[in-house]
Each structure stands twice: as C-alpha cells, then as structure tokens.
Amino acid sequence: MTKNIYQKPSPETQAEALKIARATQRPGQTKEQTKLIAQGIEKGIALYKKQQKEKTRELSRKLKKASSQQHSAEPEDQEMEIVERIVYRQHWLPWLLLALSWLGWGVYFFVSRGQ
C-alpha cells in the first residue's frame with residue numbers, strides 16, 4: 001500500500017504561483033478565480049519538482065550501478081576492448097564555394113575601382 005502524503009508547497013512556490021497567476025489575470029477575473037489558478041500552478045510546480053526528484057534518483061541509481069560494475073570488471077575485459085578511431089574528413093565543396101566567393105569579391109572590387 002502506498003502512502004499518498006500531500007506536502008504543503010513552500011512559501012516561495014506559493015509566491016511564485018501567485019505572481020504567475022496575477023501576471024496572466026484577465027479583466028473581470030475575481031480574486032477567487034485568481035487564487036484557484038494560483039493553486040493549480042502550485043500543483044503543477046509540485047508535480048514538476050517531484051518528477052525531477054525521481055529522475056535524479058533514477059540517474060543516481062544508474063551511476064551507482066555503473067560504477068559498481070566498473071569496479072568489478074576484470075582487467076582482461078578492459079584489454080580486449082576495441083578502441084575506435086574517428087576520422088573527420090571535410091568535403092571540398094564548402095572550400096570551393098569560399099574560394100569562388102572571395103575571387104568574385106576581388107574581381108568586383110578591382111572592376112569597380114577601375115571605373
């Protein structure tokens with residue numbers, strides 16, 4: 001059975017939610033409506049924080065598991081790993097276009113100065 005304990009949002013969260021609710025307030029909107037909107041924003045912020053905590057916990061578990069596996073790995077396994085080498089090759093077309101543009105500007109400059 002899971003416990004469903006509702007924690008009251010912090011005063012900072014409440015103030016931020018009220019600030020956002022007031023910023024989006026429509027003309028003719030009552031204070032009660034604004035307060036309800038602020039409560040909805042508080043719940044959204046609380047849900048977001050809860051999700052972030054869960055992600056952090058999960059990441060922490062994965063890191064802990066990976067570090068424990070790394071320590072238990074045998075040295076022979078590490079020697080047998082294949083190291084891949086990435087070779088970056090640039091295509092010639094951008095360089096050609098750069099050279100042609102400089103050549104074009106040079107021709108334009110000399111022709112326009114000659115007149």
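I began with the charged contacts and found that the structure holds 1 salt bridge, a term I use for a side-chain nitrogen of Lys or Arg within 4 Å of a carboxyl oxygen of Asp or Glu. I noted that this is a predicted model, in which local features need pLDDT of at least 70 and side-chain atom pairs count only at pLDDT 80 or more, while totals for chains, interfaces and linings use all residues. Residues are numbered from 1 along each chain as its sequence is written, and side-chain values use heavy atoms, with hydrogens and water left out.

I then looked up the partners, which are Glu58 and Arg61, with 3.2 Å from N to O. Both residues belong to helix α2 (residues 31-72) and sit 3 residues apart, about one turn of the helix. I recorded Glu58 as partly exposed because its relative accessibility is 36%, where buried means under 20% relative accessible area, exposed over 50%, and partly exposed in between (1.4 Å probe, protein chains only).

Next I checked the fold of the protein chain, which has 4 helices and 0 strands, helices being DSSP runs of H or I with at least four residues and strands runs of E with at least two, numbered from the N terminus. Of the 115 residues in the protein chain, 7% are buried.
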